[in-house]
Amino acid sequence: MKVLVIGGGAREHALCRSLSQDPAVTELHCAPGNAGIARVAALHPVDQLDGAAVTALAQELGAGLVVVGPEAPLVAGVADPLRAAGIPVFGPSAAAAQLEGSKAFAKDVMAGAGVPTARSYVCTTEQEAAEALDAFGAPYVVKDDGLAAGKGVVVTEDRAAALEHAKGCERVVIEEYLDGPEVSLFAITDGTTVLPLVPAQDFKRALDGDQGPNTGGMGAYTPLPWAPEGLVEEVLETVLQPTVDELRRRGTPFSGLLYAGLALTSRGTRVVEFNARFGDPETQVVLARLRTPLAGVLLAAANGTLGELEALRWDEGAAVTVVMASKGYPANPRTGDPIEGLDEAEADGTAFVLHAGTRSGAEGEVLTAGGRVLSVTATGADLAEARAKAYAGLSKISFKGAQHRTDIAARAAQ
């Protein structure tokens, strides 16, 4: 099978790494990719948001499967012309991807499906936003209705800051604050069958102790030793399957990766958000534990045959990933700095590096090219071992102004 992956972040590097290890994959391509992905896949320039260009590239390569990684191409409808051309594609249609593209749409789907989530108001004026903030009180939760690259959500005790964020958005969803720890649960679906993966937890705040601004994610780990027994089965029954069934009932079947961000509150499990694709950095740790070859699972989702697959096989141990980010991330990341120590980090085989914001320089050196630059991932018999290996690998890597959290999975590993 020839596989084409669309995207160029650490999530796509994780997907490409797993696909490159699958004996069924005879050729692996990525567009546009990054400096790390270039080591396992052939790279091609493409406008990720141009469905016609992506389809033409897939046809030129003879791709038997296209995997669309990021949310922006999915919401832009890149999967639609691929399907129309008869090319198997892993990723939802533009209509179904609105589950991530519009928070208001997601709330409407959850209401129709009876999925437990936070009470909320959709606001389009400053007065509506002010009234909603006062109705719920602090902590204030304000979400840009549309895509915002992981930076559209503000959670704050400061009413003025919450209102300022709301004013900067065309349409916002303001909702009640959900207490309790958060869990990420991915599920692969063909629009009917839903196949949950293992739960993970990510760390959104930039600094240790969950301080600092919200980011796209500074690290993640799996499994979750503190998660209640039967959590995956409960979420499949009360969240994932009803959502997939509701979208199919509406005539917009969802095929691809359904990501449920969950809060385990004092009143039960609640959905914080849905995403329409693999999450970064949780993908790095979830795929590190997956033992079933990945290509066949993604192809079954694309072809509507997921129900015929055997149960997924998982490594019994643990996985931890730690993100290294540029100076100034998330507000104003600097780029163009040489990265040292990449080979040394992987030399003993205990950790591996997944590139996010990197590019190749004129002399073949690897340079920073984004806010989140790379993530160092490791597996182990337990979280403590995986964590120690990940941080040992990370200690070999350096670039000017590099920053990372030192407490990823620390409490869970105790």
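**Aromatic pairs and a helix contact**

Five aromatic pairs turn up when the whole structure is searched (Phe, Tyr and Trp rings, the last by its six-membered ring, with centres within 6.5 Å). The model is predicted, and local features need pLDDT of at least 70, side-chain atom pairs count only at pLDDT 80 or more, and totals for chains, interfaces and linings use all residues. Residues are numbered from 1 along each chain as its sequence is written, and side-chain values use heavy atoms, without hydrogens and water.

In the pair Phe186 and Tyr259, the ring centres are 5.2 Å apart and the planes stand at 35°, so the pair is tilted (planes under 30 degrees apart are stacked, over 60 edge-to-face, the rest tilted). Phe186 lies in strand S10 (residues 182-189) and Tyr259 in strand S16 (residues 256-265), so that the pair links distant parts of the chain, 73 residues apart. Strands are DSSP runs of E with at least two residues, helices runs of H or I with at least four, numbered from the N terminus.

Phe186 is buried, at 1% relative accessibility, and Tyr259 is buried at 3% (buried is under 20% relative accessible area, exposed over 50%, partly exposed in between; 1.4 Å probe, protein chains only). Together with Phe90 and Phe278, Phe186 and Tyr259 form one aromatic cluster.

Helix H6 (residues 103-113) packs against helix H9 (residues 231-249) at an angle of about 100°, with the axes 9 Å apart (lines fitted to C-alpha atoms over the stretch in contact, angles from 0 to 180 degrees between N-to-C directions). H6 is therefore roughly perpendicular to H9 (65 to 115 degrees; under 35 is roughly parallel, over 145 roughly antiparallel, the rest oblique). Phe105, Val109, Gly112 and Ala113 of H6 meet Pro242, Thr243, Glu246 and Leu247 of H9 (contact is heavy atoms within 4.5 Å).
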